[in-house]
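Hi everyone, thanks for coming. Let me put the structure up on the screen so that we can walk through it together.

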Amino acid sequence: TALEYLKKSLDVLKVIKDFDGQGITLNNISTIHFQQGFFEKALEHLEKALTTSKVNQNLFIEGITLNNLATIYQAREDFERALVCLDRSLQIMRSIGNRHSECITLNNTSQVYFDAESYEKSLELVETALTIAYEDKDKEGISLSLYNRGRVFWAKNRQNDAMQDWLVTYK
């Protein structure tokens with residue numbers, strides 16, 4: 001049902017030439033396909049969203065779309081492509097000064113390295129994200145970063161440190 005409404009919405013957005021709305025809607029359609037396990041369909045919609053964001057020169061939507069592309073590549077264990085997308089997204093978020101999205105992108109990048117078992121690099125990135133989140137008093141960013149740092153600590157047999165981070169996240 002959600003896909004039907006999103007597709008109808010996309011048709012209207014095309015008629016009125018709302019490129020930002022199209023980019024967001026294409027990302028939402030992709031998310032549903034991804035959650036259903038239809039990675040190719042998800043990629044197809046994200047590629048369209050990427051094109052739309054570039055046409056409209058909306059760097060924020062381009063950055064979000066690159067993050068979503070990276071999620072699919074990560075799920076497919078194509079870590080190299082995921083990292084390319086995340087690096088470009090990070091450059092965009094920094095260039096537009098969106099520190100909250102920079103924090104999220106750093107966390108996403110750290111998790112790609114985590115999945116690739118590069119725990120030191122993962123820890124380095126999540127620490128950078130945590131610094132940004134604390135500086136900005138970004139509770140969501142702090143929580144996400146502490147949770148992810150706890151995962152790295154656990155993988156590195158630092159269970160006490162992991163539990164401390166998770167306890168703070170829970171609180």
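Here is a question to start with: is the crossing of H2 and H4 left-handed or right-handed? Have a look while I say that what you see is a predicted model. The answer is that H2 and H4 cross in a left-handed way.

Let me place those two helices for you. H2 covers residues 19-35 and H4 covers residues 59-75; their axes come within 10 Å and cross at roughly 15 degrees. Angles under 35 degrees count as roughly parallel, so H2 is roughly parallel to H4.

Who makes the contact? From H2 we have Asp20, Gly23, Ile24, Asn27, Ser30 and Phe34, and from H4 we have Ile61, Ile64, Thr65, Asn68, Thr71, Ile72 and Ala75. Sorted by type, the residues of this contact come out as 6 nonpolar, 6 polar and 1 charged.

Now each helix in turn. H2 has 17 residues, and from its first C-alpha to its last it reaches 24 Å, close to the 24 Å expected at 1.5 Å a residue. Its buried residues include Gly21, Gln22, Leu26, Ile29 and His33. Among what covers the buried residues of H2 are helix H1, at residues 2-15, together with H3 and H4.

H4 has 17 residues too, which at 1.5 Å a residue should span 24 Å; its end C-alpha atoms are 24 Å apart, so the two values agree. Several residues of H4 are buried, including Glu62, Leu66, Leu69, Ile72 and Tyr73. What covers the buried residues of H4 includes H2, H3 (39-55), H5 (79-95) and H6 (99-115).

Let's zoom in on one residue of H3. Setting aside residues up to four places away in sequence, Leu43 touches Leu69, Ile72, Tyr73 and Arg76. Take Leu69 from that list: Leu43 and Leu69 are 26 residues apart in sequence, and their C-alpha atoms are 6.8 Å apart in space.

One last stop, further along the chain. Ser110 lies in helix H6, and with a relative accessible area of 0% it is buried. Which residues does Ser110 contact, leaving aside its neighbours within four places in sequence? They are Ser122, Leu125 and Val126.

That's my tour, and I'm happy to go back to any part of it.

Terms used:
Residues are numbered from 1 along each chain as its sequence is written. This is a predicted model: local features need pLDDT of at least 70, side-chain atom pairs count only at pLDDT 80 or more; totals for chains, interfaces and linings use all residues. Side-chain values use heavy atoms; hydrogens and water are left out. Axes are lines fitted to C-alpha atoms, for helices over the stretch in contact, and angles run from 0 to 180 degrees between N-to-C directions. Helices (H or I, at least four residues) and strands (E, at least two) are DSSP runs, numbered from the N terminus. Angles under 35 degrees count as roughly parallel, over 145 as roughly antiparallel, 65 to 115 as roughly perpendicular and the rest as oblique. A crossing is left-handed if the near helix is turned anticlockwise from the far one by less than a right angle, and right-handed if clockwise. Contact means heavy atoms within 4.5 Å. Ala, Val, Leu, Ile, Met, Phe, Trp, Tyr, Cys and Pro count as nonpolar, Asp, Glu, Lys and Arg as charged, and the others, Gly among them, as polar. The expected span of a helix is 1.5 Å times one less than its number of residues. Buried means under 20% relative accessible area, exposed over 50%, partly exposed in between (1.4 Å probe, protein chains only).
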